[in-house]
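Hello, and thanks for passing this one along. Here are my notes, in numbered points, to read beside the model.

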Amino acid sequence: MSDETFILTTRIERPAAAVFAWHERPGALARLTPPWERVELLASSGGIRDGAQVRIRSKVGLFWSTWDVEHCDYREGRQFRDVLRNGPFAKWEHLHEVQSVGQDACLLTDTITYRLPLGSLGRLVAGAFTRRKLAQMFAWRHATTKADLESVARYGAVPRQRILVSGASGLIGRTLVPFLKTQGHEVLRLVRGKAVGADEVAWNPARGELDAARIEGVDGVIHLSGENVGAGRWTAARKEAILQSRVDSTRTLVEALSQLTRKPEVLVSATAVGYYGARGDEVLTEASGIGRGFLPEVCLAWETRAEDATRLGVRTARMRLGVVLSPAGGALAKVLPLFRAGLGGRLGNGRQWMSWVSVEDAVGALYHALLDARCSGPINVTAPEPVTNAQFTAALGRVLSRPTLLPVPSLALRAVFGPMAEGTILGSARVEPKRLRETGYVFRQPTLEAALRHVLGRKR
């Protein structure tokens, strides 16, 4: 039975040595995993040099499979190969090559030679699916690698930093941590419960517990911790948990920073565009005042605790995040099943503004604030083009090639979600990222359809 081959080559405007080094850093495998894929790293001997081994678990449809892969044919700065020793394919060899094109550019080529199990039957059943899957996955991988390497070059030579991250297991944190590692930084993760790895630091925000000695020497802090606002109805107990999770975690973190011999240069603290409340068609920038309601109250308390760090001499950026788009979690993940089934539609009258941002630009903006000394105070982390709910519905339908004919009445949303519906789903906030643009941040996905196609791996 003959083998099949998949090849993709992309030009990257960075030196070959920089591109190859990117692949050698911790976090590269996680960074190269598209957000729609279910992949778990079970074990790794580290690195990509000959003899290094990786075990992963992946899910396709309803089925999980385990892959045992060994690295070989390592040639520094030029290539390495992954060979499947045990897994779902009869054969799988993946050659990564980096070829110089002058001093400041290179060609990245991925060549996969594979053979499906069950011979002709396997090719008949899964051949076309496998080819589509490879094309989808590697288009995303190359686009991400290219964007990571080319966009961060705008910041010049950045020395290796030690970055403390809270909320590392959340939607943004799961993308942020591998990104930071592939940029060459050391990441310390704040974890609840017992710290297991050398890169973990235990804390208990509810009790105000964080051993400052464990974070001595950090250069920057990215604070993402907080209870999920959209996880359930806003009962009195739920609202208290949402508020206290943000206040307690930020207070605990800033208190620990105050005890450090050498303070970090910057605290990049998440907050939300919920600060502005529901404002109809009003265009909102960082200069706009606070709104009314539960979410503005939460954001004010959250930001006030973060701003305490400025009195320690720490530059503090309060990142007001919009709706973060990723199929791995958040609002988009919740509506995808309905839209894929052709049952999606606008919410309420569809005229409410939705200030969104792709998960890649959320991470990019956090990194920008970490490095750019001009970033302090409130910063809106939203795409340059907010849309109405009706426009979002239409765009998602186009990307998925599905009809969007079933609107959900406002009355039904209020019945199901209670007060949360007014504060989130039906609330209108037309937010613009004025400070990000003023400080030179370049968006990877500035338009909604481009963002949806990227995070969902859907071509035009």
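1. In the hairpin of β4 and β5, three residues sit between the strands, and Gly77 takes a positive phi near 80°. Strands and helices here are DSSP runs numbered from the N terminus, with at least two residues (E) for a strand and at least four (H or I) for a helix. β4 pairs with strand β5 (residues 79–86) in the antiparallel sense over six bridges, and Val69 stands opposite Leu84 in β5. Two strands are taken to pair if DSSP finds at least two bridges between them.

2. A word on the basis of these notes: this is a predicted model, in which local features need pLDDT of at least 70 and side-chain atom pairs count only at pLDDT 80 or more, while totals for chains, interfaces and linings use all residues. Residues are numbered from 1 along each chain as its sequence is written, and side-chain values use heavy atoms, with hydrogens and water left out.

3. β4 also has a partner in strand β3. Strand β3 (residues 53–60) and strand β4 (residues 63–75) run antiparallel and are joined by eight bridges. Val60 has Phe63 of β4 as its bridge partner. Two residues lie between β3 and β4 in this hairpin, and Gly61 in the turn has a positive phi of about 65°.

4. Elsewhere, eight strands make up an open sheet with mixed pairing, in the order β11-β10-β9-β8-β12-β13-β15-β19. Its edge strands are β11 (209–210) and β19 (377–381), each of which pairs on one side only. Within the sheet, strand β13 (residues 266–272) and strand β15 (residues 315–321) are parallel, with seven bridges; Ala272 has Leu321 in β15 as its bridge partner.

5. Arg318 is worth a look, as a charged residue in strand β15. Is Arg318 buried or exposed? Arg318 counts as buried, at 12% relative accessibility; the classes are buried under 20% relative accessible area, exposed over 50% and partly exposed in between, with a 1.4 Å probe and protein chains only. Its side chain makes a polar contact of 2.6 Å with that of Glu307. Such a contact is a pair of N or O atoms within 3.5 Å; within protein, one must be able to donate a hydrogen and the other to accept it, and residues adjacent in sequence count only if both atoms are side-chain atoms.

6. Helix α4 (residues 173–182) is mostly covered, with eight of its 10 residues buried. Among them are Leu176, Val177, Phe179 and Leu180.

7. How many salt bridges does a search of the whole structure find? The search finds 36, a salt bridge being a side-chain nitrogen of Lys or Arg within 4 Å of a carboxyl oxygen of Asp or Glu. Asp3 takes part in a salt bridge with Lys91, where the closest N and O atoms are 2.7 Å apart. This pair links distant parts of the chain, 88 residues apart: Lys91 is in strand β6 (residues 91–100) and Asp3 in the segment before β1 (4–12). Asp3 also meets Arg115 in a salt bridge (2.8 Å, N to O). Arg115 lies in strand β7 (residues 106–115) and Asp3 in the segment before β1, so this pair ties together parts 112 residues apart in sequence. Relative accessibility is 31% for Asp3, 23% for Lys91 and 26% for Arg115, each partly exposed. Salt bridges that share partners also join Arg31, Asp148, Glu360 and Arg444 into one network.

8. What about the cysteines? Zero disulfides turn up in a search of the whole structure, with a disulfide taken as a pair of cysteine sulfur atoms within 2.5 Å. The sulfur of Cys375 has its closest cysteine sulfur 19 Å away, in Cys299, which is too far for a bond. Cys375 is buried at 1% relative accessibility, and Cys72 is buried at 17%.

9. Last, the surface: Leu118, Leu121, Leu124 and Val125 form a nonpolar patch with about 490 Å² of accessible area together. Leu121 lies in helix α3 (residues 119–152) and is partly exposed at 49%. Patches here are made of residues with over 30% relative accessible area and no salt bridge, like charges being joined within 9 Å and nonpolar side chains (Val, Leu, Ile, Met, Phe, Trp, Tyr) within 5 Å. The areas come from the Shrake-Rupley method with a 1.4 Å probe, and for residues only the protein chains shown count as cover.
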